[in-house]
Amino acid sequence: MEYIIGILLLISFVGLAVYAVRGGNLMMGMLIMGVIWTVLPLIGNTFATNPDFIAAYPGVTDISFVDAITKVFQSGPEGWGSVLVNVVFGAWFGRVLLETGIADALIRKAVELGGDKPIVICVLLSTVTTAIFSTLFGAGAVVAIGVIILPILMSLGIPKTLSIGSFMMSVGAGMYLNPVLSGQFLAFFLGEDGKQLITYDDPARLRWAVIGLAVQLVLVITMCAFTLRKKKTVHAWSASAARKARPGYVPTPALIAPILPVLLLVIFNVPIILGFIIGSFYALIICGRLKTFRGACRVLNKDFYDGVVDTAPLVGFLLMIPMFNKAAELCVPYFNALLGNVIPNNTLIISIAFAVLAPLGLFRGPFTLFGCGAATLGILKGIGFSTPYLYALMVIPSITMNVSICMTQSWIAWGVSYAKVSTREHLKKTLPVAWIICAIMQAITYIMFG
Amino acid sequence: MEGSRKKEKWNRLVDAFSLKGTSYVVPQYPQVEPEQMAEELSEISETVWGMYAFGREPLEGKFTREQKYRYIAKANACGREWADRVAKEYGTNDPKLLAERMGMKVLKKKTPTGGGIVLFAQFVQPDEITIFTDCIAKAQHIYKVCGCPLLEAEKLTSVLLSHELFHAVEERHEKEIYTRTEKVELWRRPFSNRSSIVCLSEIAAMAFAAQMTGIEVSPYMLDVLLVYAYDQNAAWGLYEEVCSLRAEEQKLQEKRENKNICLD
């Protein structure tokens, strides 16, 4: 019986993969999978006769129907509540950085240092973009920064494919440290009691995230230097949208605001939500946006609203993920029965496989947590790898392949259509670099957590 | 007004939660007929177009308004001067013939170039010019409506080609041409990073193209008219930007005149 259920679970997994690759709505996909992966093990539990199998998983194979549906559909999303508030505060902080003009000013300062040297500009803008997106999140934010940076890069004769590729991969580099995105990944690792098994401020995870950011940024800069080495400059006569009015004066001390929450967390152990609040008020006060109480209330209200809207598309999807995760826990005995002897439980082999097959993180494939990788994680969890190792293993392709270069990511689709670059050209430029980053990071992950 | 704003905010929130997309809202600009745009734009001064170009200059924040005026005047003079010099050197002011005599490879690509940035033509070092004919074909529809002579296919091709030829001239004379020799220091001592000003090259290329083809309007107006063929709202946005720059300049001019009268 356990084999039949295991096979049915695998078939549903393949079904999710096909659905995700075809661009199906993942929020609905996760909900359907949550239902299937709850019903199938419950049927299996009812008809299982092997006493060894039943005895090996106490609390799972003998779970009651009511306990199972409560665990999946109630405790799952409730447990994600703590992550959700981090996402909301992070989104608010991001909006503050945009509205005060700090992000814009940072970019312009970088450009004014680089002048007409394309390589210097690429290095500076990649670094600044990474710094900004180490806290900022949301498609709205990427578009708002992209419409400033991309015309600058192209006006300096930097090829369109490189402009888009370097910008989007720099955004992705920042995401390794981004508390909002990390919070969403951490939601995949909740314990029985709904508590996080790994936290944002876990020192080893934080060290790993900083290394990930540095590796991706260095590789992006190398890509720019390598592409621009022949210096076949292009002068293009082009026109873009009307110039946005420059934001008001931004004092120099305000420019540290983007990294303030992370610095406070890393150096002074200030909790991230307080970090976001301090960072937001610091930015608003320094930029003179809190002169009157009424004005302050209006600014706070508006920025909070815009920030929540920025992240809303992900929130719906991410509220379904805990259901799926909890359902996956019910499936562990069946996956183990079927795949326990097939999937190697050796971290070296798994790391090599993830490095070699990293492009499976593209197009919502089985290596991205924003696709059917959530199911892959469910299977791997059943084998018993450590949480930090599994976290790093899955997050690498999710960030570097999916968030940084994949066309199914909303802001990448925007960037590619903005510059009229074909998908093929975009992937040709970015995929080899992203693949190398994945391989390096998988090696580092193996050394740190393997 | 307040009600519609509230409705728009509510719709954005609903859209966001239904996974429809991002909160990036493209502003809607007042609609203007292409005839009216062409007429108004043909009267815009070189200074205003120069300020429009500086609006796209990465180093814009480093210059005062007075410095910008000086740069704009010099860049325009440079473009005209080099148009005459090149025409004399190669014995022609026909852009096609000139390109041939300069040994340039002129390619014509039909690829549509719309998107957030509309591409008209490009020069790739050392000797390749590409004209994107999609925008020329699209411009013919507007030409029929507004009758702006600049949009006529032959004329338009010549203007685009001349503009790119200037960049080729710049490459060949980079040690002496103003747009390349004019530099600005970006770093503090003892460090140094002297940079050229990218928009000067574009301003000069427009003056070069106007002089070479004998047109009396600025080729910069094509930024608005050709974008109109791809995205009307984006073109209206550009038109509004140019008009507000003109209004700003007029206001400053009046102020200067009043000040002079007071001093007299």
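These legends describe several close-up views of a predicted model. Residues are numbered from 1 along each chain as its sequence is written, while chains are lettered from A and ligands numbered from 1 in the order in which they are written. Because the model is predicted, local features need pLDDT of at least 70 and side-chain atom pairs count only at pLDDT 80 or more, whereas totals for chains, interfaces and linings use all residues.

**View 1. A four-stranded sheet is built from strands of chain A and chain B.** The open sheet has the order S1(A)-S2(B)-S3(B)-S1(B), with mixed pairing. Helices (H or I, at least four residues) and strands (E, at least two) are DSSP runs, numbered from the N terminus; two strands pair if DSSP finds at least two bridges between them. S1 of chain A and S1 (105-109) of chain B stand at the edges with a single partner strand each, so one side of each has no neighbour in the sheet. From one strand to the next, the twist averages 20°. Here and below, axes are lines fitted to C-alpha atoms, for helices over the stretch in contact, and angles run from 0 to 180 degrees between N-to-C directions.

**View 2. Strand S1 of chain A meets strand S2 of chain B.** S1(A), residues 234-240, and S2(B), residues 117-124, run antiparallel and are joined by seven bridges. His235(A) has Phe123(B) in S2(B) as its bridge partner. Six of the seven residues of S1(A) are buried. A residue is buried if 20 or more other C-beta atoms lie within 10 Å of its own, exposed if 12 or fewer, and partly exposed in between, with C-beta atoms placed from the backbone.

**View 3. Strands S1 and S3 of chain B pair in the parallel sense.** Five bridges connect S1(B) with S3(B), residues 128-132. Leu107(B) has Thr130(B) in S3(B) as its bridge partner. The loop between S2 and S3 of chain B contains Pro126(B), which is joined to Gln125(B) by a cis peptide bond with omega of about 0°.

**View 4. Helices H6 and H10 of chain B cross at roughly 85°.** H6(B), residues 133-146, lies across S1, S2 and S3 of chain B and runs at about 35° to S3(B). H10(B), residues 221-228, packs on the sheet, where it touches S1 of chain A and S2 of chain B; its direction makes about 125° with that of S2(B). The axes of H6(B) and H10(B) come within 8 Å. Cys135(B), Ala139(B) and Ile142(B) of H6(B) meet Leu225(B), Leu226(B) and Tyr228(B) of H10(B). Two residues are in contact if their C-beta atoms, placed from the backbone, lie within 7 Å.

**View 5. Helices H7 and H8 of chain A pack at an angle of about 175°.** H7(A) covers residues 118-132 and H8(A) covers residues 139-155, with their axes 12 Å apart. This angle makes H7(A) roughly antiparallel to H8(A). Leu125(A), Thr129(A) and Ile132(A) in H7(A) meet Ile145(A), Ile149(A) and Leu153(A) in H8(A).

**View 6. Helix H13 of chain A has buried residues along one face.** H13(A), residues 272-286, has 15 residues and reaches 21 Å from its first C-alpha to its last, close to the 21 Å expected at 1.5 Å a residue. The expected span is 1.5 Å times one less than the number of residues. Its buried residues are Ile272(A), Gly275(A), Phe276(A), Gly279(A), Ser280(A), Ala283(A) and Leu284(A). Seen down the axis of H13(A), they fall within an arc of 155°, so they line one face of the helix; the arc is that of the directions from the helix axis to the C-beta atoms. Just after H13(A), Gly288(A) takes a positive phi of about 70°. In the loop between H12 (260-268) and H13 of chain A lies Asn269(A), which has a positive phi of about 55° although it is not a glycine. Asn269(A) counts as exposed, with 8 C-beta neighbours inside 10 Å.

**View 7. Gly6 of chain A sits in helix H1.** H1(A) spans residues 2-21. Gly6(A) counts as buried because it has 22 C-beta neighbours inside 10 Å. Leaving aside neighbours within four places in sequence, Gly6(A) is in contact with Tyr334(A), Phe335(A), Ala337(A) and Leu338(A).

Terms used. Parallel < 35°, antiparallel > 145°, perpendicular 65-115°, else oblique.
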